[in-house]
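Please view the sequence and structure first.

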Amino acid sequence: MKKTLIITGIIAAVAIIALIVINKVTSGKDISNLYAEAKRGQFDIVVTTTGELQAEQSIDIVGPTFAQSRNIRAMDIKITDLVPEGTEIKAGDYVATLDRTSFDNSLKDELEKLATYETNLEVKILDTAVTLSNLRDNIKNLGISVEEADITLQQSKYEPPTTIRQAEIALDKSKRTLDQAIRGYSLKTEQAKAEMRNIKNDLSDQRKKVGEIQEVLSKFVITSPSSGMVIYKRDRSGSKRKIGSSISPWDNVVATLPDLSKMISKTYVNEIDVSKVKPDQKVEIVVDAFPDKKYTGSVLSVANIGEQLPNADAKVFEVVIRLDGSDPILRPSMTTGNKIVTQTINDVIYVPLESVQAGADSIPFVYMKNGTKQVVILGESNENNVIVEKGLTAGTTIYLNTPENPEDFKLVGEELIATLKERAKAKAEAELQRKQEIERATQNRPGDMMNMSPEMMRRIPDMRGGAPGQGGQGRPRDTAAMRKFVQMRNQRGGLPGGTRRAQDQRTPATQETTVNR
């Protein structure tokens, strides 16, 4: 029993010692985590976005093309079968099947018309042959009548003059009847030829129409033009085409075969940051599927016109980023995190953003490890750090957060406060001047609102309610009032401000005259 108690006591003592050691180590880590060091080096200002991988170049897998055909009515065609996205295929392999119902019905109707045209042609040939044969027989009979009349005339040369004259008239009449029959035969022949040409042309057009429909139907089973991986095509709304989707004669791409050796990331930047993004800027890229791998790239293009994405209020601008090199593990539609380096500043001192504090007077400062509170002049910032132009040197240790008993820290660097106030005053004057310019423009020439730049339009609500960048501190934008203003201006016919004021400033006599009229 005594031995058991001794062992239990030893174990308890060891446990207590272990807890004390762990507590000290943890406390040491917590204390170390409260500090940061002012660093000197390269400072990158970045715009962070989320994008989607796509192939820079791809081969389209298309359905039948008949948009330019006058013989086929344009209509949407539904996809009834489609291989799964991501399937590896070779040239000539099956890809998709389209719904044949409407075209099969059209082909049936056109085949019936074709059979009718062929029957009409055969009937016309037979009718024409019978008619012309009868006309030829009639001409032959009339020729015999002319010969008989001529014989009668020759035999009547010894008859009285009256009989001779009657024989001459009968011969002349027979000749005229023969000539009329010959001319009628010629006209009837030309008429028959013209009717035959029309029927044959209609038949030829109908055969061409049937042939075109049959050719289109032959392409309703779609095969691959090349080898590669099948990626579904996105329509104008951004949705992928799949079984049950439709293609049109003007947009008949069912899927694509991307070139995976050249990849791009398509992303969108908000209207506030888009002015910072320029082509050829460097980009750091991380793919969500492979967070341990880092990629680099550059901005390929920046859209000139913004757009509004579904379920979003703000306008965004499309930005295309080209990845450097290639990696076989990358696939289209993978999500990317993009850090666009919009500006690089060399050899500057910077600290974490959370280490910078500000009092009621808005003077920025940091808590130093030596027990002082240092006033600092700040410069550009990014999502994590901020440049310190004056007040700190490289290697200085500062608090990340507000320390305990901050009132015990002595304020130093008060000589920098004057510089901060001068900068704040200059900024306020510049903002006031811009505000006055915009107010004058909107009050004096309301009709010119549409000619203002987007940047000036964005500043108007901020100028009226507070400085830009204060978010909810300024007056919220009255979009309803702005819409009402635009509607009133449109109802007035878009008259310039000067013209409207000239009409409103008419004298009462002039206005009364106008009313009387």
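Strand E9 (residues 231-232) and E11 run antiparallel, joined by two bridges. Tyr-232 of this predicted model stands opposite Ala-255 in E11.

**Strand E11 and its other partner**

- Strand E3 (residues 58-62) is also antiparallel to E11, with five bridges between them.
- Within E11, Leu-257 is the bridge partner of Ile-59.
- Strand E11 covers residues 253-258, and six of the six are buried, so E11 is largely enclosed by the rest of the structure.
- Strands of a sheet pair through backbone hydrogen bonds, in either the parallel or the antiparallel sense.

**A four-strand sheet**

- Four strands form an open sheet in the order E17-E18-E19-E23, and the pairing is mixed.
- Its edges are strand E17 (357-358) and strand E23 (410-412), each of which pairs on one side only.
- Strand E18 (residues 364-367) pairs with strand E19 (residues 372-375) over three bridges, in the antiparallel sense.
- Opposite Val-366 stands Gln-374 in E19.

**Asp-327 in its loop**

- Where does Asp-327 sit? Its place is the loop that lies between strand E15 (316-323) and strand E16 (335-352).
- Is Asp-327 buried or exposed? Asp-327 counts as buried because its relative accessible area is 12%, and the cut-off for buried is under 20%.
- Leaving aside residues up to four places away in sequence, Asp-327 touches Lys-293 and Tyr-295.
- The side chains of Asp-327 and Lys-293 are joined by a polar contact of 2.8 Å.

Terms used:
Residues numbered from 1 in each chain as written. Predicted model: local features only at pLDDT ≥ 70, side-chain atom pairs only at ≥ 80, totals over all residues. Heavy atoms only, no water. Buried < 20%, exposed > 50% of the residue type's maximum accessible area, 1.4 Å probe, protein only. Polar contact = N/O pair within 3.5 Å; in protein donor to acceptor, adjacent residues only side chain to side chain. Contact = heavy atoms within 4.5 Å. Pairing = 2+ DSSP bridges.
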